[in-house]
Amino acid sequence: MRTIGSDEAKTRLPELLRRVEQGEQFTVTRRGVPVARILGMEDTVEDRRAIIERMKAARARRTRVSVGELLDARDEGRRG
């Protein structure tokens, strides 16, 4: 993934979008600090699907928690 400064990205956005359509990805920085990624929509959809699958797997590994347990955990620091 190539890194590009925010000013350059603003100036060259049409070119960057054409390159993203061809499969390239860019990290946009401001003063050397990464602030955004530019990537194709297909990658974003796949990333979301992968995240959802990881969340479902994590949920399946956890034991069930009752409403009372949730309320007790919420109120734990509020007493006394």
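User: In what order do the elements of the protein run from the N terminus on?
Analyst: The model is predicted, and the protein in it has four helices and three strands. Taken from the N terminus on, these elements run β-α-α-β-β-α-α.

User: What is the radius of gyration of the protein, and what does the globule rule give for 80 residues?
Analyst: The C-alpha trace spans about 60 × 30 × 15 Å along its principal axes. The protein is more spread out than a compact globule, because its radius of gyration is well over the value of the globule rule. The two values are 21 Å for the protein and 12 Å for the rule.

User: What share of the 80 residues is buried?
Analyst: A residue counts as buried when its relative accessible area is under 20%. Over the protein, the buried share of the 80 residues is 15%.

User: Among contacts between residues at least 6 apart in sequence, what share joins residues at least 24 apart?
Analyst: Contacts here are heavy atoms within 4.5 Å. Of those between residues at least 6 apart in sequence, the share that joins residues at least 24 apart is 24%.

User: Which strands stand at the edges of the sheet?
Analyst: Three strands form an open sheet with mixed pairing, in the order β1-β2-β3. An edge strand has a single partner strand, so one of its sides is left without a neighbour in the sheet. Neighbouring strands are turned by 35° against each other on average, direction ignored. The strands at the edges are β1 (2–5) and β3 (33–38).

User: Do β1 and β2 run parallel or antiparallel, and which residue of β2 is the bridge partner of R2?
Analyst: Strands of a sheet pair through backbone hydrogen bonds, either parallel or antiparallel. Four bridges join β1 to β2, and the two strands run parallel. The bridge partner of R2 in β2 is F26.

User: What angle does the direction of α2 make with that of β2?
Analyst: Helix α2 packs on the sheet and touches β1, β2 and β3. Its direction and that of β2 make an angle of about 150°.

User: Which elements give two or more residues to the largest nonpolar core?
Analyst: The largest nonpolar core has seven residues: I4, A9, L16, V20, F26, V28 and I38. Within that set, A9 touches I4, L16 and V28, not counting residues up to four places away in sequence. The elements that give two or more residues to the core are α2 (13–21) and β2.

User: Where does R31 lie, and what is its phi?
Analyst: R31 lies in the loop between β2 and β3. R31 counts as exposed because its relative accessibility is 80%, where the limit is over 50%. Its phi is a positive value in a residue other than glycine, near 55°.

User: How far apart are the closest N and O atoms of R19 and E24?
Analyst: Side chains of opposite charge can pair when their charged atoms come close. A salt bridge requires a nitrogen to oxygen distance within 4 Å. R19 and E24 form such a bridge, and E24 is partly exposed at 29% relative accessible area. The closest N and O atoms of R19 and E24 are 2.9 Å apart.

User: Which residues do salt bridges that share partners join into one network?
Analyst: The count comes to six salt bridges. One of them, between R74 and D75, has an N to O distance of 2.8 Å. Salt bridges that share partners join into one network E8, R12, E15, R19 and E24.

User: What is the N to O distance between the side chains of E8 and R12?
Analyst: E8 is partly exposed, with a relative accessible area of 33%. The side chains of E8 and R12 meet in a salt bridge, and the N to O distance is 2.2 Å.

Conventions. Residues are numbered from 1 along each chain as its sequence is written. This is a predicted model: local features need pLDDT of at least 70, side-chain atom pairs count only at pLDDT 80 or more; totals for chains, interfaces and linings use all residues. Side-chain values use heavy atoms; hydrogens and water are left out. Buried means under 20% relative accessible area, exposed over 50%, partly exposed in between (1.4 Å probe, protein chains only). A nonpolar core is a set of buried Ala, Val, Leu, Ile, Met, Phe, Trp, Tyr and Cys residues joined through side-chain atoms within 4.5 Å. Two strands pair if DSSP finds at least two bridges between them. Axes are lines fitted to C-alpha atoms, for helices over the stretch in contact, and angles run from 0 to 180 degrees between N-to-C directions. The radius of gyration is taken over C-alpha atoms; the globule rule is 2.2 Å times the number of residues to the power 0.38.
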